[in-house]
Amino acid sequence: MQLPYTLLLSLLPLARAHFLLNSPPTIGFSDDDEGDYPCGSFDASSRTTVTNFPSGGIPISLTSTHPQVTYFYRVALLNDTNAWVDLHQPIAQVGQGKFCSQDVPGLAAWEGQDAVLQIAASAPDGWLFQCSAVKFVSGAATGPGSDCTNASSIKVSYVDEKLILNAQTTTIISGSSQPTQSVAGGSSTTQPASSSSTMGTPGAAASTQVGGLAILGTIIGTIGFFFF
Ligand SMILES: *[C@@H]1O[C@H](CO)[C@@H](O)[C@H](O)[C@H]1NC(C)=O
Ligand SMILES: *[C@@H]1O[C@H](CO)[C@@H](O)[C@H](O)[C@H]1NC(C)=O
């Protein structure tokens, strides 16, 4: 049987890619060079397609082809694309496929400003980057489009980590003074977020060394969500 050409084309990126930014439109995607800071080898100042980003929020749709990934949603002003500000709590995804945050709020303080949205993804093969040209505006959420779906095979959880990643440094600060409630396997426990090493499921915790700080598996083996 021969697959239709268009179907083959649509399968291609999934077969090779690390992760895709489906929406808002990416500045550019190169599978080989997705690890190049800050925008996966594309020019952070590219304004070919600019998406209005209302304070109310936009959907951010991603596709991961890795069994696990942590997404960091960040923005920088167009005039300073090495000074990234967190837009949203990092999200850990287990399982391959689409993940869409329906209403990621814009930065009200930056209304009227040209900016760049960066998704920095921590994947087993290192850091990966995708960017989108945005402009912060006032207004209500645009609402999810048809590509805003979650694959049924994925599990996501919010991660209590702060990323400092720019041209000079890469550091993850794990935990905060906020207690985090984890719900896993039907039982519910509350624990200090700073002791993140205890949050992984036994036998499934992963450990990463970044900038001298140990980050113990808040990510892998975590089932369900954290609420705070
Ligand atoms: C970038 O623009 C903002 C707002 O217009 C301004 O406050 C800031 O100083 C500028 N930053 C640089 C590095 O030029
Ligand atoms: C995908 O899952 C996240 C986490 O549960 C949720 O916030 C989001 O609304 C879901 N997206 C869709 C399109 O249902």
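**View 1. Strand 7 and the shell around ligand 2.** Strand 7 (residues 97–104) contributes three residues to the shell around ligand 2, the most of any element. Strands (E, at least two residues) are DSSP runs, numbered from the N terminus. This is a predicted model: local features need pLDDT of at least 70, side-chain atom pairs count only at pLDDT 80 or more, and totals for chains, interfaces and linings use all residues. Residues are numbered from 1 along each chain as its sequence is written, while chains are lettered from A and ligands numbered from 1 in the order in which they are written.

**View 2. Residues around ligand 2.** The surrounding residues are Cys100, Ser101, Gln102, Pro144, Cys148, Thr149, Asn150 and Val156. A residue is near a molecule if its C-beta atom, placed from the backbone, lies within 6 Å of it. Four of the shell residues are nonpolar, four are polar and none is charged. Ala, Val, Leu, Ile, Met, Phe, Trp, Tyr, Cys and Pro count as nonpolar, Asp, Glu, Lys and Arg as charged, and the others, Gly among them, as polar.

**View 3. The sheet that holds strand 7.** Three strands form an open sheet in the order 1-3-7, with antiparallel pairing. Strand 1 (19–23) and strand 7 are the edges, each pairing on one side only. From one strand to the next, the twist averages 20 degrees. Axes are lines fitted to C-alpha atoms, and angles run from 0 to 180 degrees between N-to-C directions.

**View 4. Strand 3 against strand 7.** Strand 3 (residues 58–64) runs antiparallel to strand 7, joined by six bridges. Pairing takes at least two DSSP bridges between two strands. Ile58 has Val104 of strand 7 as its bridge partner.

Note on methods
Helix = DSSP H or I, 4+ residues; strand = E, 2+ residues; numbered from the N terminus.
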